[in-house]
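Me: I'm new to this one and would like to learn how to read it, feature by feature. Could you show it to me and then take my questions?

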Amino acid sequence: MATDEGELSARYQNTLDALSSLITKRSSCVSNNQSQRFRLLLHYLKVLELEDAVSQLKIIHVAGTKGKGSTCVFAESILRCYGLRTGLFTSPHLIDVRERFRLNGIEISQEKFVDYFWCCFHKLKEKTSNEIPMPTYFCFLALLAFKIFATEQVDVVILEVGLGGRFDATNVIQKPVVCGISSLGYDHMEILGYTLAEIAAEKAGIFKSGVPAFTVPQPDEAMHVLSEKASKLEVNLQVVEPLDMSQRLGLQGEHQYLNAGLAVALCSTFLKEIGIEEKNGLNQTQRGLPEKFVSGLSNAYLIGRAMVVPDSELPEEIVYYLDGAHSPESMEACAIWFSKQIKQNQERSQKRSEQILLFNCMTVRDPSLLLPRLRSKCIDHGVDFKRAVFVPNVSVYNKVGYSSNDDRRVDSVTWQFGLQRLWDSLARGEAKSNLESDSKGKEEVKSFVFSSLPLAVDWLRDNARQSKQVRFQVLVTGSLHLVGDLLRLIRK
């Protein structure tokens, strides 16, 4: 058995290496060949003999700037409660690429992943040429998802858009059962456009003629575009409101009630379309939801979003609050969630606590739009960070697999020093304001840059051992990659 496990592990690593070979640099994706690459998807489906199979899949398709992953997870959980065999495709993954492919709520096994991967990879490799290259990384993953879900004969596919909508690889589908668009905001602007109208137009690219669609309340600029696109395609676009906050959700944070409301609308429509009726009605989105909806919403789970995880070595001294927020709006939602968690903890614990920020964001983000919102929203809710720590990710944009050894090498931290300077300037501005209104002022906020995440965790643990009377509450945010790295590190 050990030998079999070793062989499977080696095969899996070889699979990850092959998958990594499909990665292109982000800059090369920001070009004018998006439509050309999108057209190649039809060729890839033909090579994989998936055209008919994909056309027969019953699909819920969800785009958006923030909340689309949560919406998909809620929807999958609800439909699984109805006894449907579900297939869920989401992105990105935090620890293992197999997280992107869930069958009946469970990530696909290594053995199945390896078999499906090589089946697709070899077929596509045989047909490559200068004119028709291998699919890019995300495109291949989307094709792989179609192969997995078609072969596994799932009853429903919940499909999360990777980026944008119009030219996203998932948009190769021709006739989903229902579409959803979660909250829109400013993200990936170098690809999608620099106005909400442009971004909304890209997201609305998933609308299909005659296919019902739902969205949440949007800014007027975005809503106008969504409505216009829907009208042209004769799409019945409805706006859904958040669920009542008396409903228990498996995903934490006030913003999740908006995502849950969207998921309820999508599932209600889907169940009606496939002929499943509920005696007490599926239209209710506030109170009195069907029991299976209530169960699905309360049991939904998504790694890396609003997670509270004690440190594996010092669980009483260090608690990590993990949230992969990386847009201005999600930063505010993260700050509100964290602040409420801190207040609840203070009411239950006699131990003095200290809040620490552990942060990094990708260089394609604008930290001047992220850190001020995070800091000010926390302060508004009575939470102030005593220390801030900035680190590079262990993972990089083009890393698929993971390493078993702690990576403590010293890399360039120029970007992190820039984050520190921005944070310090915010702290100085706050301190100056306090001095003007209060002669006592506030204790100076300390900030640090470490060349690796493991070194930062070691530093946290050393400080915790020396200050056992204090509990460190560490907010880890700014990057889903950073959250994934930390989870891997503290779970070893």
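Me: In what sense do β2 and β5 pair, and over how many bridges?

Reply: Keep in mind that this is a predicted model. Here β2 and β5 run in the parallel sense and are paired over four bridges. For one of the partners, look at G87, which is bridged to V157 in β5.

Me: What is the order of the strands in the open sheet?

Reply: Follow it from one side to the other: β4-β3-β2-β5-β1-β6-β7-β8, which makes eight strands with mixed pairing. To spot the edges, look for strands that pair on one side only, and you'll land on β4 (106-107) and β8 (237-239).

Me: Which strands does helix α5 lie across?

Reply: Helix α5, residues 68-81, lies across β1 (59-63), β2, β3 and β5. Its direction is at about 170° to that of β5.

Me: Now the inside. Which residues have the most contacts within the largest nonpolar core?

Reply: The general idea is that in soluble globular proteins, nonpolar side chains tend to be buried together. In this model the largest such core holds 49 residues, and F89, F101, F140, L144 and F146 have the most contacts inside it. The elements that supply two or more residues are α1 (2-20), α3 (34-47), β3 (101-103), α6 (110-126), α7 (137-151) and β5 (156-160). The top contributor is α7, with 13 residues. Another core, of 37 residues, lies apart from this one, and I78, L249, A265 and C267 are among its members.

Me: Can we zoom in? What does F101 touch?

Reply: Leaving out residues up to four places away in sequence, F101 touches L88, F89, I106, E107, I108, F113, L141, L144, A145 and I148.

Me: I keep hearing about aromatic pairs. How do I read one?

Reply: A pair of aromatic rings is described by the distance of the centres and the angle of the planes. The count for this model comes to 19 aromatic pairs. Take W118 and F121: their ring centres are 5.3 Å apart and their planes sit at 75°, so this pair is edge-to-face. Both belong to helix α6, and because they are three residues apart there, about one helical turn separates them.

Me: Which residues form the aromatic cluster?

Reply: One cluster is made up of Y12, F89, F101, F113, F117, W118, F121, F138 and F140.

Me: What about the backbone? Which peptide bond is cis?

Reply: Most residues other than glycine have a negative phi, and most peptide bonds are trans. With that in mind, check S91 and P92, which are joined by a cis peptide bond with omega of about -5°. P92 belongs to the loop between β2 (86-89) and β3.

Me: And where are Q153 and A306, each with a positive phi?

Reply: Q153 is not a glycine, yet its phi is about 55°. It lies in the loop between α7 and β5, and at 65% relative accessibility Q153 counts as exposed. A306 isn't a glycine either, and its phi is about 50°. Its loop runs between α12 (291-299) and β9 (307-310). At 11% relative accessibility, A306 counts as buried.

Me: Last one. How many disulfides are there?

Reply: A search of the whole structure comes up with zero. For C81, the nearest cysteine sulfur is that of C267, 9.8 Å away. C81 counts as partly exposed, at 27% relative accessibility. For C120, the closest cysteine sulfur is in C119, 5.2 Å away, which is too far for a bond. C120 counts as buried, at 1% relative accessibility.

How values were computed. Residues numbered from 1 in each chain as written. Predicted model: local features only at pLDDT ≥ 70, side-chain atom pairs only at ≥ 80, totals over all residues. Heavy atoms only, no water. Core = buried A, V, L, I, M, F, W, Y, C linked by side-chain atoms within 4.5 Å. Buried < 20%, exposed > 50% of the residue type's maximum accessible area, 1.4 Å probe, protein only. Contact = heavy atoms within 4.5 Å. Pairing = 2+ DSSP bridges. Axes fitted to C-alpha atoms, helices over the stretch in contact; angles between N-to-C directions. Disulfide = S-S within 2.5 Å. Phe/Tyr/Trp six-rings, centres within 6.5 Å; stacked < 30°, edge-to-face > 60°.
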